[in-house]
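These are my notebook entries on one protein model, written down in the order in which I looked things up.

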Amino acid sequence: MTNCEADRHGFGRLAFVGVLVAIWLEVFQWVITRVFVLNFEIGGLNATALLVLLLITGWTVPVSAQWPTVWTPGRWFAIGIGGTSVSIVPDPILAAIAGSVGVIGVTTVLVVLLADLRARFAVGAGLGVALYASLRAWFDTAPLFATTIGRGILVVLLTAAIGCWLLLVAATDGRVRPSFDGPFPPLSPLGVFLIVQATYLGAFHSLSTWALRPYAITAGLGLLGLLVGTWLVERSSLRGAVQTAGFERVWLRPFTSVDSADRFGVFDRSSAVVWSCLFIASLTALLWLDTWGMPFVFLAQVSAVVLLAIGSQPDTRSSLGAGTELAVAQLGALQLAFLYVSAVNWPFMPSPVDGLTRGLTAEFLLALGTLLPISVLIVVPFPARSVPAHARDRRTLLSMVGLGVLGLTGLGAPGRSVPADEREAPPIRVLTYNVHRYFSGGDAGEYNLEPLVALLREANAHVIGLQETEGTRITSGNVNGVRWLARRLGYHYAYGVPTRAGGYGVSLLSVWPIENTRVVQLPTHDSPPRWVLVADLRTPFGELPVAVTHFQLGKPGDKRAESTELLIDELGDVDRAVIMGDFNFKPTEPMYETMTSAFTDAWMAAGHGRDEGPTYSASDPQRRIDYIWLQGDWTVNEAERLGSPQVSDHLAVFAAATPD
């Protein structure tokens, strides 16, 4: 085989790894959302627990090695593609099982490619995460499973994977070498790297909303970090540059080469420790710093790719040992991911998990990320042997540049705008909606982004208050739905509360500029944090204060009465204001009387009865708990309910009012 052919085949493998990693990240997140929709419980073996166990793929390695004539890489690839294709179905159980099967198949093929590429596998993995992040940037953070176009792109990715596979098979005389019958490199860094990237590190929109950092800067730095990390791994020798800079043993020692023509590089324990410390420090800064944490997105991604390369050194592990190691690493990572999910969704968790995990979201995410350097330091056989070089290919560099351009242009793609004549008022069209964390209210729990944007477009409201908008967590597929809706509809938006503050999320969309935003925490008892977002809108007729809130559920000891008093203190003395949200009380409860003593119920002002117009649940409305309140003198022209179970588990409340 000529050098040109070797380069072409090496690049083909890297491209194959990149496409498979992008598919893996998307499908893994999709399965987690299905598990959450099915309301995972830890007590006893149940369907959702089984789905989580199916994500532990280490058992496939010894199975494949013991029965190579049956469980060939080709069959595992077909299983991965087939499972991913079926996972698009609406039924959550079937989708979760099929997605789990897809993850199993794709992981097994990645193991084969890791055994072939060794440390250079990290180049393909880094490009795969960059590809995934670029696609999410182009789709305004929406998961591929969430929209029709996104599902089409997923089909394109699957087709690209099939094409890469066929090309590799043709280039290797009918099979992708090596098979499962040789020694395995360490597998635990691979398993942990993928889960950490899927959970939060590769979701730049989640890192952005974690502390309300600018999304474009955060994503741009993260994408750049991935590309720099892949470039460092791709370069076989930095000896001259490193020695000139004087940093050989401290920073770039992992990539200094004994013989740059024949070796990939030397990896020793000291360099692994340095990169591990840099990675952990970067994660700590990401999770506990505000805007100042943005540069550490870059450093964390560089370190993650380098650590994966260090952890992919050659070894003589048996298939059983390698599979066991991978299973243990995945089990630990999934347990920490489950604790993170529990910490942000603890009302849905049985005791004692709700009490043990409350308020520890950052700590669990840090522990999850720390598993990557720990797995490297534990399993890599130091002093590691040098790895035969794969000749660098210009196409690898060009692909890196292309991914960077794709991601950055996606970040800079302009959103749609509302024509100026539609912004003129009055009457002011106001809508409040609990959007159920971007899932429909039906049993399937499908993403509701497309039907939601259709409903909001038809309502054509000037001001929209949204509740349960905290979608930038893995249980919602890491989607910044507020930004997605704003860019689709041409609205200004205020995200509200940073993800790390907890709660369900309250957000605001407005055709007019949003100014002077602030969030006020409501008093609660035995409840996740509850908030009210207050903002001033710069309207054609002057400044208009607007508040969006979501009260806690009614239960013994609840603080809903205190929350109503707080709202009155905040907005009861202004000349004119709009207050809206999911208040979780009915018109027959004392809190309603307290609110009507200071504000006007827009529903009743439009001529409806107090007990008419229940908003929950959307499939069987029994309770009116969603309201639009008006402060000052207004004439309410109309009020109605909008929505269906296919959009959310609540109905929206719409009102058109003219200030007097």
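**Entry 1, charges over rings.** I count a charge as sitting over a ring if NZ of Lys or CZ of Arg is within 6 Å of the ring centre and within 35 degrees of the ring normal. R576 is placed over the face of W634 in this sense too, at 5.9 Å from the ring centre.

Residues are numbered from 1 along each chain as its sequence is written, and side-chain values use heavy atoms, with hydrogens and water left out.

The mean pLDDT (the predictor's confidence in each residue, from 0 to 100) is 84 for the protein, and 83% of the residues reach 70 or more. I marked residues 236-266, over which pLDDT stays under 50 although the model has 67 contacts for them beyond four places in sequence, a contact meaning heavy atoms within 4.5 Å. I marked residues 40-45 as well, where pLDDT also stays under 50 and the model has 12 such contacts. Where pLDDT is low, the predicted coordinates should not be read in detail.

I recorded 23 helices and 12 strands for the protein. Of its 660 residues, 60% count as buried, where buried means under 20% relative accessible area, exposed over 50% and partly exposed in between, with a 1.4 Å probe and protein chains only. The accessible surface comes to about 23600 Å², and 60% of it belongs to carbon and sulfur atoms; the areas come from the Shrake-Rupley method with a 1.4 Å probe, and for residues only the protein chains shown count as cover. Among contacts with a separation of 6 or more, 76% are between residues 24 or more positions apart.

A nonpolar core is a set of buried Ala, Val, Leu, Ile, Met, Phe, Trp, Tyr and Cys residues joined through side-chain atoms within 4.5 Å. The largest one has 177 residues, of which F16, W24, F28, L110, F121, L431 and L508 touch the most other members. Helix 1 gives the most to this core, with 16 residues. Not counting residues up to four places away in sequence, I found F28 touching L55, V103, I195, A198, L334 and I474. A second, separate core has 20 residues, including V520, L522, I568 and F585.

**Entry 6, aromatic pairs.** I found 18 aromatic pairs in the structure; rings of Phe, Tyr and Trp (its six-membered ring) pair if their centres lie within 6.5 Å, and planes under 30 degrees apart count as stacked, over 60 as edge-to-face and the rest as tilted. The rings of F16 and W165 have centres 6.0 Å apart and planes at 55°, so the pair is tilted. F16 belongs to helix 1 (residues 3-37) and W165 to helix 7 (residues 148-171), so that the pair links distant parts of the chain, 149 residues apart. F16 and W165 are both buried. F583 and F585 form another tilted pair, with 5.7 Å from centre to centre and 55° between the planes, and both of these residues are buried. F551, F583, F585, Y592, Y627 and W629 form one aromatic cluster.

Is F184 buried or exposed? At 2% relative accessibility it counts as buried, and F184 lies in the loop between helix 7 and helix 8 (188-201). Leaving aside neighbours within four places in sequence, F184 has contacts that include V61, V111, R118, D315 and A322.

Most residues other than glycine have a negative phi, and most peptide bonds are trans. I noted L212, with a positive phi near 55°, in the loop between helix 9 (204-210) and helix 10 (215-234). N516, in strand 5 (residues 514-522), has a positive phi near 55°. The peptide bond from Y616 to S617 is cis, with omega near -5°.

Definitions and conventions: Predicted model: local features only at pLDDT ≥ 70, side-chain atom pairs only at ≥ 80, totals over all residues. Helix = DSSP H or I, 4+ residues; strand = E, 2+ residues; numbered from the N terminus.
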